[in-house]
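Please keep the sequence and the structure side by side as you read.

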Amino acid sequence: QLRAVENKTIAELTVTPVLLNLICAVFRDERGNLPKKRFQLYEKGIRQLLERLKRMPSDRELTLEVKENFLAELAVMLFKNNDYFPEEQTLEKFICTYFGVGRYAAREIMKIFETETGLLIKRSAGYWSFSHLTFQEYFVAKWFQAHTGLTGLVNATTDHYWREVFILMAEMSSNLEQFLLALKSEIDLLSNSKPLLTSFLGYIEGKSLIVQTELKIPYSLAIIRTFYFEKCLLFVLRQTGLSIHARFKSGEHILDVMALDSTLIQTFISGHIWIGGRERFHGEMKNRISNFVKVFDVNACQNAYEDNIKYCLEDLRDRLPSSDDDLDGCFSWWQENGCMWLSDIHKVIKYRNLFLIFGEQWSEQYQNLSEQHQNYFRKYHTLNWFLIDCLNSDTSVSNNVRQEIEETLLLPSQHRN
């Protein structure tokens, strides 16, 4: 059965011994049948494990619901705190409060859950965790579905570690298409409430239209928009991130003109990271500079469709140190010439309209975003990444809903039809 197409997502779990044991147990108890969805597999397997737990030093009636609710509350508390390996005293304190017992009884409950269910385990001296992150993610999704719904989950999300929770909650929903459209609405609400983010999206839309119409790029606006959103976000946040562009099922690759823009931005960001000094000047710098020459030759110089841009890029390439220079030579060149070289890269980027230029407001608005605003940008990007992954997680989504989501992805709300 694991070889069947419909069981592909469950078959992928067999590489992990803990989950393989769970699959085998469910397969046996279901008399040779496997659930079609992962959350159903987790639900059946976890309930089998919890049925083993018959005793506990607490006055509360030990029903299946009590045991599940306890693990769900614990899972959410730890997940919200990014605490996947809590200290023993943290777990002990939580159990004391939840079951209304003393410290000795709390320690007994921890041991009982470990020995009789295997869902909680002691990792090392003084630290515990769920026996597999998948179990914790399942309980987190189950808790949000029962208590706050999608809005609460969106508000709680802080980073990409919440991805699996979204996918599980999408599976649990009675109507996947409604879930996806609701998630899209929540994401749009986030952008509507942040003027800087809205203006950022407006710029991306304009840039994408220029690329598609004036340069005759044969891609959908959604593909182009996603590409430029992520490249400009790289400049704003000064770090790499999750790729939405790579997750489009169309599998389209960037064309030369987009490769040029990608090269310019990534070069600019990498260069600024290296300027910090020798302590940040890693041993691979010689290879990086050699790679710069190759990248500029292939993705920049040869793909430049305007003579003045091509001349500038060739000049930038020729000024780089030789790949034959030793590491100290490369470092000396970078320390002496790096800032000026990056300044000239900046001029080309500005000419290519790759900065969100609103007069002189660029440096104030986007180049020096507060930590709070950076978090808004990062969260907006992460949620859109989750949306596309949820969209791709089930083939039953209609073409109309898929098209509606993709065509309005990363658009400022006032520009949507």
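With 6% relative accessibility, glutamate 68 counts as buried (buried means under 20% relative accessible area, exposed over 50% and partly exposed in between, with a 1.4 Å probe and protein chains only). This glutamate sits in helix α4, residues 64-80; helices (H or I, at least four residues) and strands (E, at least two) are DSSP runs numbered from the N terminus. Leaving aside residues up to four places away in sequence, glutamate 68 touches Arg47, Leu50, Phe139 and Lys142, where a contact means heavy atoms within 4.5 Å.

A word on the ground rules. This is a predicted model, in which local features need pLDDT of at least 70 and side-chain atom pairs count only at pLDDT 80 or more, while totals for chains, interfaces and linings use all residues. Residues are numbered from 1 along each chain as its sequence is written, and side-chain values use heavy atoms, with hydrogens and water left out.

Now step back to the whole chain. Its secondary structure comes to 19 helices and two strands. Of the 417 residues, 49% are buried. Among contacts with a separation of 6 or more, 69% join residues 24 or more positions apart. The chain exposes about 20400 Å², with carbon and sulfur atoms supplying 49% of that area (Shrake-Rupley method, 1.4 Å probe; for residues, only the protein chains shown count as cover).

Leucine 120 has phenylalanine 130 as its bridge partner, and isoleucine 121 has serine 129. β1 and β2 form a hairpin with two residues between them, and glycine 126 in the turn has a positive phi of about 90°.

Next, the interior. A nonpolar core is a set of buried Ala, Val, Leu, Ile, Met, Phe, Trp, Tyr and Cys residues joined through side-chain atoms within 4.5 Å. In the largest one, with 97 residues, Phe70, Trp162 and Phe166 touch the most other members. A second, separate core of 13 residues includes Leu316, Leu320, Val348 and Ile349.

What about the aromatic rings? Rings of Phe, Tyr and Trp (its six-membered ring) pair if their centres lie within 6.5 Å; planes under 30 degrees apart count as stacked, over 60 as edge-to-face and the rest as tilted. The whole structure holds 20 such pairs. Phenylalanine 144 lies in helix α7 (residues 133-147) and tryptophan 162 in the loop between α8 (149-156) and α9 (163-172), so the pair ties together parts 18 residues apart in sequence. Phenylalanine 144 is buried at 1% relative accessible area, and tryptophan 162 is buried at 0%.

Finally, look at helix α19 (residues 399-407), where Val401, Arg402, Ile405 and Glu406 are buried. These residues cover an arc of only 125° around the axis, which puts them on the same side of α19; the arc is that of the directions from the helix axis to the C-beta atoms. The face turned away from this buried side carries the exposed residues Asn399 and Asn400.

Definitions and conventions:
Pairing = 2+ DSSP bridges.
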